[in-house]
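Reader: I would like to learn how to read the features of a model such as this one. Please take them one at a time.

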Amino acid sequence: MKKTKKPVTEQFAVEFADNRLAAALSGPHQKNFARLEQRLDIRITQRGNRVALSGAERERGATILQALYARAKAGESITLAEVDAELRFTDGSRAQTAGAIRTASGRLTRPRSPAQSAYLDLMRDHPLVFGIGPAGTGKTYLAAAYGASMLFQRKVERLILSRPALEAGERLGFLPGDLKEKIDPYLRPLYDALFDVLGDQATRLIEQGVIEVAPLAFMRGRTLARAFVIMDEAQNTTAAQMKMVLTRLGEDSQMVVTGDPGQSDLPGGRPEGLAEALSILEGVEGVGIQRFSDADVVRHALVSRIVRAYTAKGR
């Protein structure tokens with residue numbers, strides 16, 4: 001009986017100049033390679049600085065490894081988040097770039113999806129940008145990072161972050177403590193984003209007044225010149241509040257408005273101010289709008305599935 005020859009699996013090999021950096025690509029317990037093998041249905045083997053890939057998407061896998069190596073060479077750590085980011089940027093044959101922005105000395109932030117990259121491009125080219133989509137898509141985080149990069153480059157003098165003073169089922173007046181103690185817990189997500197992109201410098205800049213984090217009511221009557229302004233949780237603004245904050249924009253300033261229309265805490269659950277602003281301003285020169293979907297969620301993979309499940313139920 002004649003033996004049937006097993007098909008030869010074609011391989012694609014990549015060699016890296018620095019053995020130490022090449023070793024870091026696989027991650028602890030080969031987790032990074034395992035993620036690529038699972039998502040691309042490929043096989044990865046490594047010997048020293050040489051990595052061989054087999055499977056239908058071996059060349060895409062090699063492209064991702066080369067991008068991760070470039071990150072490692074730039075001093076960035078390579079985690080599963082970076083692996084997932086490069087998977088998004090090489091979706092199918094649509095290879096795209098993820099330009100980094102410097103937020104402080106020795107600190108870089110990169111977009112982690114094509115939608116985030118497009119959002120960053122809008123911020124570079126438009127004085128007013130709306131980032132619209134579900135939680136976990138990086139709307140506020142990337143806006144804070146871009147604002148910090150503008151400060152770092154001295155293109156603006158101040159970074160101002162604001163949210164409407166409205167919580168689900170609560171009003172600030174019922175919370176214990178003085179005004180600062182009432183407000184700080186509610187503004188904590190903005191502080192978290194700042195400290196993540198700026199590190200310890202955030203405290204000093206806040207103390208100096210270079211960075212201001214305040215509720216929306218504090219914006220009334222001000223003209224914000226030479227500032228980068230982030231209006232977060234815009235789905236909780238009334239039409240009057242939205243008009244008020246948009247008209248605060250002063251000379252040499254830029255504003256980013258972020259919101260999730262599906263999570264409004266206003267009576268009736270309608271994102272009044274945000275919906276009206278989008279309908280009036282879409283197509284206006286100088287205004288950019290980036291819409292995110294559950295496919296752009298960059299938190300834990302389960303968050304994307306949770307968002308998708310709620311959307312399917314109309315919630």
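**Contacts and cores**

Author: Contact means heavy atoms within 4.5 Å. The model is predicted: local features need pLDDT of at least 70, side-chain atom pairs count only at pLDDT 80 or more, and totals for chains, interfaces and linings use all residues. Residues are numbered from 1 along each chain as its sequence is written, and side-chain values use heavy atoms, with hydrogens and water left out.

Reader: Which residues of the largest nonpolar core touch the most other members?

Author: In soluble globular proteins, nonpolar side chains tend to be buried together. A nonpolar core here is a set of buried Ala, Val, Leu, Ile, Met, Phe, Trp, Tyr and Cys residues joined through side-chain atoms within 4.5 Å. Buried means under 20% relative accessible area, exposed over 50%, and partly exposed in between (1.4 Å probe, protein chains only). The largest core has 34 residues, and Met123, Leu161, Leu198, Ile211 and Phe228 touch the most other members. Helix α6 gives the most to this core, with eight residues. A second, separate core of 24 residues includes Ala214, Leu216, Met242 and Met244.

Reader: How many residues of α6 are buried?

Author: Helices (H or I, at least four residues) and strands (E, at least two) are DSSP runs, numbered from the N terminus. Twelve of the 14 residues of α6 are buried, so this helix is largely enclosed by the rest of the structure. Among them are Lys139, Thr140, Tyr146 and Met150.

Reader: What should the helix α6 span?

Author: The expected span of a helix is 1.5 Å times one less than its number of residues. For the 14 residues of α6 (residues 139-152) that should be 20 Å, and the end C-alpha atoms are 20 Å apart, which agrees. After α6 comes arginine 154, with a positive phi near 60 degrees.

Reader: What is the strand order in the open sheet of six strands?

Author: Two strands pair if DSSP finds at least two bridges between them. The order is β8-β7-β9-β10-β6-β11, with parallel pairing. β8 (211-215) and β11 (287-291) stand at the edges with a single partner strand each, so one side of each has no neighbour in the sheet. Axes are lines fitted to C-alpha atoms, for helices over the stretch in contact, and angles run from 0 to 180 degrees between N-to-C directions. Neighbouring strands of this sheet are turned by 15 degrees against each other on average, direction ignored. Helix α5 (residues 114-125) packs on the sheet, touching β6, β9 (227-231), β10 (254-259) and β11, and its direction makes about 170 degrees with that of β11. Five bridges join β6 (residues 128-132) to β11; valine 129 has glycine 288 as its bridge partner there.

Reader: Which strands are at the edges of the sheet with antiparallel pairing?

Author: That open sheet has three strands in the order β1-β3-β2. Its edge strands are β1 (11-15) and β2 (43-47), each pairing on one side only. β1 and β3 (residues 50-54) pair over five bridges, and glutamate 15 stands opposite arginine 50 in β3.

Reader: Where is confidence lowest and where is it highest?

Author: pLDDT is the predictor's confidence in each residue, from 0 to 100. The chain averages 82, and 83% of the residues score at least 70. Confidence is lowest in helix α11 (residues 301-312), at a mean of 69, and highest in β6, at 96.
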